[in-house]
Amino acid sequence: FPSQPPTGSSQQIVTLTLPTGLAQDVGAPVATPSIAPLQQTTLTAAQIADHQPWGTLSPSGPSIQPMASLSTQKLNTDSHATSGTEKPSSMKSDIVADTSTTQDWPPKPRLSGTMLHPDELAAQNDTVDDDAFSTSDAPRTTLPVEEPCQMAQMGSSCYQHVLWVLKQGIQEHPGWYANLNKTSSFEQVQAHLHVFDKNASCPRPCPCHTAHVGEKCYNHSRWVLAHGISSNPSNYQGLSTASRFEDVQDFLHRTEPDVKCDQPCSPPIFITTALFCFLVMQLHGYEPGLVRSQFARTSGIFACDGYDVFSIGGTVSFDTGPHGHQTESHAIEQAHDGTGSWGSWLNTLTFMHAWEFLIQDGRYSNYDWVVKADPDAVFLPERLRERLKPHTSSNGGNLYVQNCNQPNHIAVQGSLEVFSRDAIHGYGDNHERCKSQLDWHSMGEDFFMQKCMEMMGVTPVQEFYIMSDVNCQQVSCNDRSRVSYHPFKGVNDWWNCWNTTTGSR
């Protein structure tokens with residue numbers, strides 16, 4: 001793959017059929033085009049690559065998103081520079097502008113990171129209106145209304161293309177994949193390549209839907225993970241308490257039609273140092289508004305690779321989120337365990353309920369690290385990934401982060417707690433032992449987690465300058481070396497700190 005879109009020369013051309021008004025000035029801003037008389041216009045590859053409404057000319061796709069269709073003139077790509085990490089050699093080929101389909105323009109907008117809904121998948125393959133360009137002499141062909149669906153097989157060209165896009169392409173060339181991001185599902189990437197990159201040879205993916213909160217299938221799948229497998233393992237052959245949520249849903253889809261589980265989408269595929277983050281918030285007061293503002297701008301825990309929100313005593317609803325469905329918090333029971341040395345209510349049992357839910361849900365096991373952040377902590381996950389990379393391996397690791405070394409302070413400050421996946425597996429197996437052997441009634445939840453990790457023999461990772469906290473190592477938001485800054489309870493104060501430390505002013 002080239003390290004940048006080809007600029008080309010006057011000899012590298014494609015022919016577009018454009019409405020007359022657009023053909024007069026390809027550099028002008030383009031609104032949704034009205035139907036107009038068409039004329040043939042010759043553009044250099046550089047002109048096309050520079051003209052953003054048509055996307056980027058590149059071997060990766062989307063090559064160009066034209067209004068009508070491209071000519072079949074072959075483009076010479078031998079002179080293109082390649083990036084340091086190339087696509088597998090089997091995927092290299094010359095680009096041939098394809099006339100087998102007529103793409104809709106403008107592309108249908110979609111929330112970034114949404115899963116493909118079956119209706120969206122079907123809409124991508126509907127017959128194009130034959131009257132849309134009735135005055136054109138350009139070739140006009142359409143996709144069939146019913147096209148067989150098939151998931152990419154492991155080892156196939158399509159499968160390798162999808163993995164490359166998820167692990168490298170989106171990160172290195174986000175402009176090539178404008179409707180995709182790191183949270184996109186395998187099926188969503190396959191659908192994109194099916195439409196925009198014929199070199200990938202991707203069939204249309206089959207419709208899928210992973211159950212979410214509030215659906216019968218979601219509740220049933222969680223029950224199977226939390227209770228069914230352990231109490232009646234013979235009823236769930238091939239599953240274990242460590243199975244992924246999607247594996248459980250797939251089992252129910254195949255074996256229990258009354259539950260009405262759809263075929264789940266593939267589990268997420270991440271580059272290393274994938275974070276699953278969560279927070280616990282009060283039902284009333286400043287926290288719901290503060291968390292909603294972070295949610296709206298995909299910041300804080302919502303910038304992690306996966307996330308969950310818990311609220312004490314009831315649910316809090318959010319707008320439609322990055323995963324394309326109505327989002328609401330999980331309600332957990334509030335339990336006051338006494339007053340701690342700081343004069344505040346101890347909340348250890350409340351957080352035990354959150355951890356129990358998280359472990360039963362099981363999604364955290366798809367990620368390398370589990371992070372608990374306070375709602376009023378200005379948290380930047382991208383910085384945490386960089387700090388954790390040296391401690392992350394494909395084989396996992398039984399680790400937890402100590403973030404404070406100040407005298408008379410605990411080593412795990414609760415505004416940002418970080419545990420490896422294996423450490424949380426261990427906690428799930430041993431939390432009752434920790435609860436019975438530790439005097440948790442006199443501990444805050446952060447100190448309880450620290451002592452439980454020590455009891456289980458989990459290896460500490462000392463990152464004492466990872467955060468700024470009023471209780472330990474507090475610095476200004478101008479210090480950009482920290483991963484989180486705590487506390488900032490007002491919405492304006494939170495965003496002022498975020499803008500300062502990210503340089504967004």
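The side chain of Asp197 reaches the backbone nitrogen of Asn199 at 3.1 Å. That is a polar contact, meaning a pair of N or O atoms within 3.5 Å; within protein, one must be able to donate a hydrogen and the other to accept it, and residues adjacent in sequence count only if both atoms are side-chain atoms. Asp197 sits in the loop between helix H5 (186-196) and H6. Helices here are DSSP runs of H or I with at least four residues, strands are runs of E with at least two, and both are numbered from the N terminus. Asp197 is buried, at 4% relative accessible area. Buried means under 20% relative accessible area, exposed means over 50%, and partly exposed is in between, with a 1.4 Å probe and protein chains only.

Before I go on, a word on the source. This is a predicted model, in which local features need pLDDT of at least 70 and side-chain atom pairs count only at pLDDT 80 or more, while totals for chains, interfaces and linings use all residues. Residues are numbered from 1 along each chain as its sequence is written, and side-chain values use heavy atoms, with hydrogens and water left out.

Now the chain as a whole. It has 13 helices and 16 strands. Of its 505 residues, 52% are buried. Take contacts, meaning heavy atoms within 4.5 Å: among those between residues at least 6 apart in sequence, 66% join residues at least 24 apart.

Next, the cores. A nonpolar core is a set of buried Ala, Val, Leu, Ile, Met, Phe, Trp, Tyr and Cys residues joined through side-chain atoms within 4.5 Å. Which residues touch the most other members of the largest one? They are Trp355, Tyr427, Phe448 and Met453, out of 48 residues in that core. The elements giving two or more residues to this core include helix H6 (216-231), strand S5 (275-282), helix H9 (348-361), helix H11 (421-437) and helix H12 (445-456). H9 gives the most, with seven residues. Apart from this core lies another, of 27 residues, with Cys277, Phe295, Leu384 and Val418 among them. Back to Met453: leaving aside neighbours within four places in sequence, Met453 is in contact with Tyr400, Phe419, Ala423, Tyr427 and Val458.

H11 also carries Asp429, which counts as exposed at 68% relative accessibility. Asp429 and Ile359 are 70 residues apart in sequence, and their C-alpha atoms are 9.8 Å apart in space.

On to the strands. Strand S10 (residues 369-373) is mostly covered, with five of its five residues buried. In a regular strand the side chains alternate between the two faces of the sheet. In S10, Trp369, Val371 and Ala373 point one way, Val370 and Lys372 point the other way, and all are buried. Two strands pair if DSSP finds at least two bridges between them. S10 runs parallel to S5, joined by four bridges, and Phe278 has Lys372 as its bridge partner in S10. S10 also pairs with strand S13 (residues 416-420), antiparallel, over five bridges; there the partner of Lys372 is Glu417.

Trp369 comes up again at Thr392, which touches Thr273, Asp368 and Trp369, not counting residues up to four places away in sequence. Thr392 is in the loop between helix H10 (381-388) and strand S12 (399-402). Is Thr392 buried or exposed? Buried, at 18%. The Thr392 side chain reaches the backbone oxygen of Leu388 at 2.8 Å.

Last, the disulfides, each a pair of cysteine sulfur atoms within 2.5 Å. The count by this rule is eight, and I will go through some of them.

Cys149 and Cys206 have their sulfur atoms 2.2 Å apart. The S-S torsion is about 90°, so this disulfide is right-handed. Cys149 lies in the loop between helix H3 (118-124) and helix H4 (157-172), and Cys206 in the loop between H5 and H6, so the pair ties together parts 57 residues apart in sequence. Cys149 is partly exposed, at 31%, and Cys206 is also partly exposed, at 21%.

Cys277 and Cys304 have a sulfur distance of 2.0 Å and a torsion of about -80°, so their disulfide is left-handed. Cys277 is in S5 and Cys304 in the loop between helix H8 (287-296) and S6, 27 residues apart. Cys277 is buried at 0%, and Cys304 is buried at 3%.

Cys434 and Cys452 are joined at 2.0 Å, S to S; the torsion is about 75°, so the disulfide is right-handed. Cys434 is in H11 and Cys452 in H12, 18 residues apart. Both are buried.
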